[in-house]
Amino acid sequence: MVDWRARTKTDLIIEVWEALDCESVGAVELERIQEALRERFGEGGIESPAAIARVVADEGAVLRHPEVFKFDREWRRRQMNGVLTADEVDVASLEAAEKTLAKFTEIKQRFEGAGDEESVRRIRSLALALKQDATLVSRSRAVDEKTKREAAEIVQWLTVWLQEPEMFDDWLDLRRRSPHFLQLMKMN
């Protein structure tokens, strides 16, 4: 166990990344940073791979985006303890995002009906993390413009789902008819 000097999670993330002395960051580096967070702050102190990636990217790290996204998705799936499969947690395309949000709605309603507020919170946390991931993709210089546009659209979908999940299906139906969405589809 290393005796890190950092007192906050953000500072520890940066300190560990600097100690790793790596130009690019992927799954191995993110996992090591998570281990340091666990050692210092306990299980509740662990941050998602995407959150860690944002911190180190802000400090100048080059992210190995596909590896980061895959590791983050797998980590989040493990957090759901088998409630969802990796295929059910995918926002890499509009079609996949729609299926994912439909599954989230179904599971959320089931958990609410059972009074399982902790699982409802976990589904919402997962949706928020996916929104953060899609935001990263929409701003990434490492992906093509089509992928960026779709990711930005998915961010909007996740925002609406997080704010009003009960209205999401109706909203999505209207959204697909909007001139902006139709123009987006023509560009793709």
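Analyst: A residue counts as buried when its relative accessible area is under 20%, as exposed when that area is over 50%, and as partly exposed in between. Please keep in mind that this is a predicted model.

User: With that definition, what share of the 188 residues of the protein chain counts as buried?

Analyst: The cut-off for a buried residue is a relative accessible area under 20%. Applied to the 188 residues of the protein chain, it gives a buried share of 44%.

User: How many helices and how many strands does the protein chain have, and in what order do the elements run?

Analyst: The protein chain has 9 helices and 2 strands. Read from the N terminus on, its elements follow the order α-β-α-α-β-α-α-α-α-α-α.

User: Among contacts between residues at least 6 apart in sequence, what share joins residues at least 24 apart?

Analyst: A contact here means heavy atoms within 4.5 Å. Among such contacts in the protein chain between residues at least 6 apart in sequence, the share joining residues at least 24 apart is 59%.

User: Which residue forms a salt bridge with Lys9, and how many residues apart in sequence are the parts that the pair ties together?

Analyst: Lys9 forms a salt bridge with Glu47, and their closest N and O atoms are 2.7 Å apart. Lys9 lies in helix α1 (residues 9-20), while Glu47 lies in the loop between α2 (27-41) and α3 (49-58), so the pair links parts of the chain that are separated in sequence. Lys9 is partly exposed at 29% relative accessible area, and Glu47 is also partly exposed, at 25%. The partner is Glu47, and the parts tied together are 38 residues apart.

User: Is Glu29 buried or exposed, and which residues are joined with it into one network?

Analyst: The side chain of Glu29 meets that of Arg64 in a salt bridge, at 2.8 Å from N to O. Because Glu29 lies in helix α2 and Arg64 in the loop between β2 (62-63) and α4 (65-79), this pair ties together parts that are 35 residues apart in sequence. Arg64 is partly exposed at 26%, whereas Glu29, with a relative accessible area of 13%, is buried. Salt bridges that share partners join Glu29 into one network with Arg64 and Glu67.

User: Where do Lys108 and Glu112 lie, and how many salt bridges does the structure hold?

Analyst: Lys108 forms a salt bridge with Glu112, with the closest N and O atoms 2.6 Å apart. Lys108 is buried at 6% relative accessibility, whereas Glu112, at 36%, is partly exposed. The two residues are 4 residues apart, about one turn of the helix, and both lie in helix α5 (residues 94-113). The number of salt bridges in the structure is 12.

User: What covers the buried residues of α1?

Analyst: The buried residues of α1 are Leu12, Ile13, Ile14, Glu15, Val16 and Trp17. What covers its buried residues includes β1 (24-25), α2 and α3.

User: Which residue follows α1, and what is its relative accessible area?

Analyst: Most residues other than glycine have a negative phi. Asp21, which follows α1, has a positive phi of about 50 degrees although it is not a glycine. Asp21 is found in the loop between α1 and β1. The residue is therefore Asp21, which is exposed with a relative accessible area of 71%.

User: Which residues form one aromatic cluster?

Analyst: The structure holds 3 aromatic pairs. One aromatic cluster is formed by Trp157, Phe168 and Trp171.

Technical notes
Residues numbered from 1 in each chain as written. Predicted model: local features only at pLDDT ≥ 70, side-chain atom pairs only at ≥ 80, totals over all residues. Heavy atoms only, no water. Salt bridge = Lys/Arg side-chain N within 4 Å of Asp/Glu carboxyl O. Buried < 20%, exposed > 50% of the residue type's maximum accessible area, 1.4 Å probe, protein only. Phe/Tyr/Trp six-rings, centres within 6.5 Å; stacked < 30°, edge-to-face > 60°.
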